[in-house]
Amino acid sequence: MLTVDDAAAIVAIADDRRFDRQYARRGPMLNRIILGRVRSILTLAGAPLPPVTEHGPVRPAPSQSATQARLDALATGGLAGPDINALAAYVRGEGEARCGGKLAQQAVGRLFDPNYRADDESWSAALVLRDAPSSFNPVKRLIWALTGRGAKARALLAEKVNQDPTGLHGTGVAIHNLAEAFSRMRTLYADPVARDQNSPAAAVAASMVAPRQVLRQPTVAGTCPAGAFTQDTLVLLQLEKANARMPGYDMAFMAGSWSACPAQGWVPALMATVWRDAIGGAAQ
């Protein structure tokens with residue numbers, strides 16, 4: 001394995017076509033296990049979810065461009081509604097801290113179905129999709145294998161977003177970063193000094209959560225800023241560690257790379273709107 005947590009090295013590898021997301025099961029046993037789980041769990045109807053698909057002949061992929069265009073239009077058009085109000089109340093400290101996940105999941109889910117309702121079942125399913133690719137807890141994995149819980153969680157979340165693969169990833173995997181971001185924003189708001197001094201942009205930057213890590217697999221042997229590698233090397237780009245050193249948006253969304261998140265405009269807009277509404281609601 002090759003672990004990379006330096007922002008400059010991550011950017012270099014993200015732009016290097018020698019690294020892809022084919023996720024072929026090769027190399028040491030641990031690498032094979034991890035890659036096999038990604039290929040078996042982060043799929044829908046036999047196809048990998050968009051954030052784990054290989055480069056392919058065209059990037060950005062047409063579906064990626066269409067999704068980003070739609071989300072960018074929503075972001076620039078202004079965000080409002082009951083989901084914003086609920087998240088703003090959560091940031092102000094209303095309700096239990098553990099409720100933030102479901103609130104965020106519902107806000108994302110309604111991008112794919114206006115009637116989406118998050119509940120304990122949908123949030124539990126998202127927790128399964130979060131843990132299934134990386135957990136080595138033998139008891140948990142045995143229970144999942146015997147009950148088919150991973151497949152059931154994926155099916156439940158896919159049905160709620162009308163079988164949209166981007167919606168499944170958004171409400172089942174990426175949602176955990178957004179939920180943690182709103183938890184950080186709630187903590188930030190609870191500090192009177194920070195609440196008064198942070199603009200929406202500053203609050204978003206301070207609260208933003210990048211994915212813990214993403215995987216890349218070399219297609220050839222060679223060297224890169226992080227060291228030497230072979231085709232059997234599993235490359236771990238540790239985005240959250242890099243983002244902690246240089247808080248912002250680049251690591252969180254892989255901005256500027258072929259694998260950039262199509263929600264890179266919508267998520268900051270959502271968070272900024274929630275912060276403004278939290279401040280405004282407190283002033284009323």
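Is Trp-275 buried or exposed? In this predicted model, Trp-275 is buried, because its relative accessible area is 1% and the cut-off for burial is under 20%.

A search of the whole structure finds three aromatic pairs. One of them is formed by Phe-19 and Phe-229, whose ring centres are 4.7 Å apart. The planes of these two rings stand at 55°, so the pair is tilted. The pair links distant parts of the chain, with Phe-19 in strand E2 (residues 19-20) and Phe-229 in strand E7 (residues 227-229), 210 residues apart. Phe-19 has a relative accessible area of 1% and is therefore buried. Phe-229 counts as buried as well, with a relative accessibility of 5%.

Another aromatic pair is made by Tyr-189 and Trp-275. Their rings are 6.0 Å apart from centre to centre, with 80° between the planes, and the pair is edge-to-face. This pair also links distant parts of the chain: Tyr-189 belongs to helix H10 and Trp-275 to helix H15 (residues 266-283), 86 residues apart. The relative accessibility of Tyr-189 is 6%, so Tyr-189 counts as buried.

H10 (residues 175-190) and H12 (residues 200-207) have axes that come within 8 Å and cross at roughly 120°. Because of this angle, H10 is oblique to H12. The crossing in which H10 passes H12 is right-handed. On the H10 side, Ala-181, Arg-184, Met-185 and Leu-188 take part, and they meet Ala-203, Val-204, Ala-206 and Ser-207 of H12. By class, this contact has six nonpolar residues, one polar residue and one charged residue.

The axes of H6 and H10 come within 10 Å, and their crossing angle is roughly 110°. H6 is therefore roughly perpendicular to H10. Here Trp-123, Ala-126, Leu-127 and Arg-130 of H6 meet Ile-175, His-176 and Ala-179 of H10. The residues of this contact divide into five nonpolar, one polar and one charged.

Helix H5 (residues 100-109) packs with H10 at an angle of about 125°, and the two axes are 9 Å apart. This angle makes H5 oblique to H10. H5 passes H10 in a right-handed crossing. In H5, the residues Gly-101, Ala-104, Gln-105 and Val-108 meet Ile-175, Leu-178, Ala-179 and Phe-182 in H10. The contact of H5 with H10 comprises six nonpolar and two polar residues, with no charged residues.

Ser-122 lies in helix H6 (residues 120-131). With a relative accessible area of 0%, Ser-122 is buried. Residues up to four places away in sequence aside, Ser-122 touches Gln-105, Tyr-116, Leu-156, Leu-157 and Lys-160.

Arg-154 is placed in helix H8. The relative accessible area of Arg-154 is 18%, which is under the 20% cut-off, so Arg-154 is buried. Apart from neighbours within four places in sequence, Arg-154 is in contact with Ser-40, Ile-41, Thr-43, Leu-129 and Leu-168. For Arg-154 and Leu-168, 14 residues apart along the chain, the C-alpha atoms are separated by 7.6 Å.

Backbone angles were also examined. Most residues other than glycine have a negative phi. Ala-45 has a phi near 55°, a positive value in a residue other than glycine. Ala-45 is found in the loop between strand E3 (43-44) and strand E4 (47-48). At 84% relative accessibility, Ala-45 counts as exposed, whereas Arg-154 is buried. Asn-162 likewise has a positive phi, near 60°. The loop that holds Asn-162 runs between helix H8 (149-160) and helix H9 (165-172).

Definitions and conventions
Residues are numbered from 1 along each chain as its sequence is written. This is a predicted model: local features need pLDDT of at least 70, side-chain atom pairs count only at pLDDT 80 or more; totals for chains, interfaces and linings use all residues. Side-chain values use heavy atoms; hydrogens and water are left out. Axes are lines fitted to C-alpha atoms, for helices over the stretch in contact, and angles run from 0 to 180 degrees between N-to-C directions. Helices (H or I, at least four residues) and strands (E, at least two) are DSSP runs, numbered from the N terminus. Angles under 35 degrees count as roughly parallel, over 145 as roughly antiparallel, 65 to 115 as roughly perpendicular and the rest as oblique. A crossing is left-handed if the near helix is turned anticlockwise from the far one by less than a right angle, and right-handed if clockwise. Contact means heavy atoms within 4.5 Å. Ala, Val, Leu, Ile, Met, Phe, Trp, Tyr, Cys and Pro count as nonpolar, Asp, Glu, Lys and Arg as charged, and the others, Gly among them, as polar. Rings of Phe, Tyr and Trp (its six-membered ring) pair if their centres lie within 6.5 Å; planes under 30 degrees apart count as stacked, over 60 as edge-to-face and the rest as tilted. Buried means under 20% relative accessible area, exposed over 50%, partly exposed in between (1.4 Å probe, protein chains only).
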